[in-house]
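Subject: Structure handover

Hello,

Here is the structure I promised to pass on. Please open it alongside these notes.

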Amino acid sequence: MTLQPAFPNYTREKHFKEVIVEGKRPKIPRSWPYVEKNLLERCWSANPADRPSFQAICQLIKFGLPEETYDSNRSTGELNRILVIQMKLTG
């Protein structure tokens, strides 16, 4: 999405320690839509059961997300509800 490496100056050892062992993740820009941020964070979950399936991710990419999910006036609860519905439909 940013087309930039997440941790460009990390050595192999530092990457293993901070990303693999400690679970460090790149910062997501505030300008990104909530649904995209939420999807990335769910994909990064330490618990595999909490991650969306590859099929669900492909469906979201293929069919896109409704424009209403990008409405900055919506509450977090509304956006979560929309995302749950989308994931049930696609996965």
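Below is what I found in it.

This is a predicted model: local features need pLDDT of at least 70, side-chain atom pairs count only at pLDDT 80 or more, and totals for chains, interfaces and linings use all residues. Residues are numbered from 1 along each chain as its sequence is written, and side-chain values use heavy atoms, with hydrogens and water left out.

Overall fold. The protein has 4 helices and 0 strands. Helices (H or I, at least four residues) and strands (E, at least two) are DSSP runs, numbered from the N terminus. Along the sequence the pattern reads α-α-α-α. Of the 91 residues, 25% are buried. Buried means under 20% relative accessible area, exposed over 50%, and partly exposed in between (1.4 Å probe, protein chains only).

Helix 3. This helix spans residues 54-63, and Ala 56, Ile 57 and Leu 60 are buried in it. They sit on the same side of helix 3, because they cover an arc of only 100° around the axis. The arc is that of the directions from the helix axis to the C-beta atoms. An α-helix has 3.6 residues a turn, so residues three or four places apart point the same way. Phe 54, Gln 55, Lys 62 and Phe 63 are exposed on the face turned away from the buried side of helix 3.

Ser 45 counts as buried, because its relative accessible area is 17%. Its side chain reaches the backbone nitrogen of Asn 47 at 3.2 Å. Arg 51 is partly exposed, at 37% relative accessible area. The C-alpha atoms of Arg 51 and Leu 39 are 8.7 Å apart, with the two residues 12 apart along the chain.

Aromatic pair. The count is 1. Phe 7 and Tyr 10 are stacked, at 4.7 Å centre to centre and 25° between the planes. Rings of Phe, Tyr and Trp (its six-membered ring) pair if their centres lie within 6.5 Å; planes under 30 degrees apart count as stacked, over 60 as edge-to-face and the rest as tilted. Phe 7 is buried, with a relative accessible area of 15%.

Helix 1. Ile 20 is found in this helix, residues 12-21. Ile 20 counts as exposed, because its relative accessibility is 54%.

Best wishes

Definitions and conventions. A polar contact is a pair of N or O atoms within 3.5 Å; within protein, one must be able to donate a hydrogen and the other to accept it, and residues adjacent in sequence count only if both atoms are side-chain atoms.
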